[in-house]
Amino acid sequence: MPTYFIVDGVKIELYFKDHNPPHFHALISEYDAMIEIKTQTIIQGSLPNNKKTKILKWAKSNESTLMAIWKVLKD
């Protein structure tokens, strides 16, 4: 479970050989959200509202970086 980024205290993790669709995990305290990279949609779990807004905005501006990491880990 490598942490690739920490955004406003939220760990951004991508896992080796994870299932589709391409996604990342955003973790803080008891919260764990699985977020689709291309749509910035929470597909499972949740985040506190103040963190959710920041993480989704960050994900949109870092979509290409997240997809590049996903592709490396998928192979």
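**Entry 1: contacts and overall form**

I began with the contacts of this predicted model. In the chain, residues 24 or more positions apart account for 33% of the contacts with a separation of 6 or more.

Next I listed the elements. I found two helices and five strands in the chain. Read from the N terminus, they run β-β-β-β-β-α-α. I then looked up the radius of gyration: it is 11 Å, close to the 11 Å that the globule rule gives for 75 residues, so the chain is as compact as a globular protein of that length. The C-alpha trace spans about 35 × 25 × 20 Å along its principal axes.

For the surface, I noted that the chain exposes about 4,500 Å², and that carbon and sulfur atoms supply 54% of this area. Of the 75 residues, 39% count as buried.

**Entry 2: the nonpolar core**

Which residues touch the most other members of the largest nonpolar core? I got Ile12, Leu14, Phe24, Ala26, Ile55 and Leu66, out of 19 residues in that core. Two or more residues come from each of S2, S3, strand S4 (31-36), H1 and helix H2 (63-74). H2 gives the most, with five residues. I kept a general reminder beside this: in soluble globular proteins, nonpolar side chains tend to be buried together.

I followed leucine 66 further. Setting aside residues up to four places away in sequence, I see leucine 66 touching Phe5, Ile12, Leu14, Phe24, Ile37, Trp58 and Ala59.

**Entry 3: aromatic rings**

I searched for ring pairs next, and the structure holds two. I looked at the pair of phenylalanine 24 and tryptophan 58, which is 6.3 Å centre to centre with 80 degrees between the planes. Is that stacked or edge-to-face? Planes over 60 degrees apart count as edge-to-face, and this pair is edge-to-face.

Where do the two partners sit? Phenylalanine 24 lies in strand S3 (residues 23-28) and tryptophan 58 in helix H1 (residues 49-61), so the pair ties together parts that are 34 residues apart in sequence. I checked burial for both: phenylalanine 24 has a relative accessible area of 0% and is buried, and tryptophan 58, at 15%, also counts as buried. Ring pairs link Phe5, Phe24 and Trp58 into a cluster.

**Entry 4: salt bridges**

How many salt bridges does a search of the whole structure find? I got two.

In one, the side chains of lysine 51 and aspartate 8 meet at 3.1 Å, N to O. Lysine 51 belongs to helix H1 and aspartate 8 to the loop between strand S1 (3-7) and strand S2 (10-13), so this bridge ties together parts that are 43 residues apart in sequence. Lysine 51 counts as buried at 16% relative accessibility, since the limit for buried is under 20%. Aspartate 8 is partly exposed, at 36%.

Lysine 54 also forms a salt bridge with aspartate 8, and the closest N and O atoms are 3.1 Å apart. Lysine 54 is in helix H1 and aspartate 8 in the loop between S1 and S2, so the pair ties together parts that are 46 residues apart in sequence. I have lysine 54 down as partly exposed, at 45% relative accessibility. Salt bridges with shared partners join Asp8, Lys51 and Lys54 into one network.

Which bond is cis? The peptide bond that joins asparagine 20 and proline 21 is, with omega about 0 degrees. Proline 21 is in the loop between S2 and S3.

Lysine 17 lies in the loop between S2 and S3. Lysine 17 has a positive phi of about 50 degrees although it is not a glycine, and I find it exposed, with a relative accessible area of 64%. Serine 29, not a glycine either, has a positive phi of about 50 degrees. I located serine 29 in the loop between S3 and S4, where it counts as exposed at 70% relative accessibility.

**Entry 5: chain end**

Last, I looked up aspartate 75, in the segment after H2. Aspartate 75 is exposed, with a relative accessible area of 74%. Its C-alpha atom is separated by 16 Å from that of proline 2, which is 73 residues apart from it along the chain.

Definitions and conventions
Residues are numbered from 1 along each chain as its sequence is written. Side-chain values use heavy atoms; hydrogens and water are left out. Rings of Phe, Tyr and Trp (its six-membered ring) pair if their centres lie within 6.5 Å; planes under 30 degrees apart count as stacked, over 60 as edge-to-face and the rest as tilted. Helices (H or I, at least four residues) and strands (E, at least two) are DSSP runs, numbered from the N terminus. Buried means under 20% relative accessible area, exposed over 50%, partly exposed in between (1.4 Å probe, protein chains only). A salt bridge is a side-chain nitrogen of Lys or Arg within 4 Å of a carboxyl oxygen of Asp or Glu. The radius of gyration is taken over C-alpha atoms; the globule rule is 2.2 Å times the number of residues to the power 0.38. Contact means heavy atoms within 4.5 Å. Accessible areas come from the Shrake-Rupley method with a 1.4 Å probe; for residues, only the protein chains shown count as cover. A nonpolar core is a set of buried Ala, Val, Leu, Ile, Met, Phe, Trp, Tyr and Cys residues joined through side-chain atoms within 4.5 Å.
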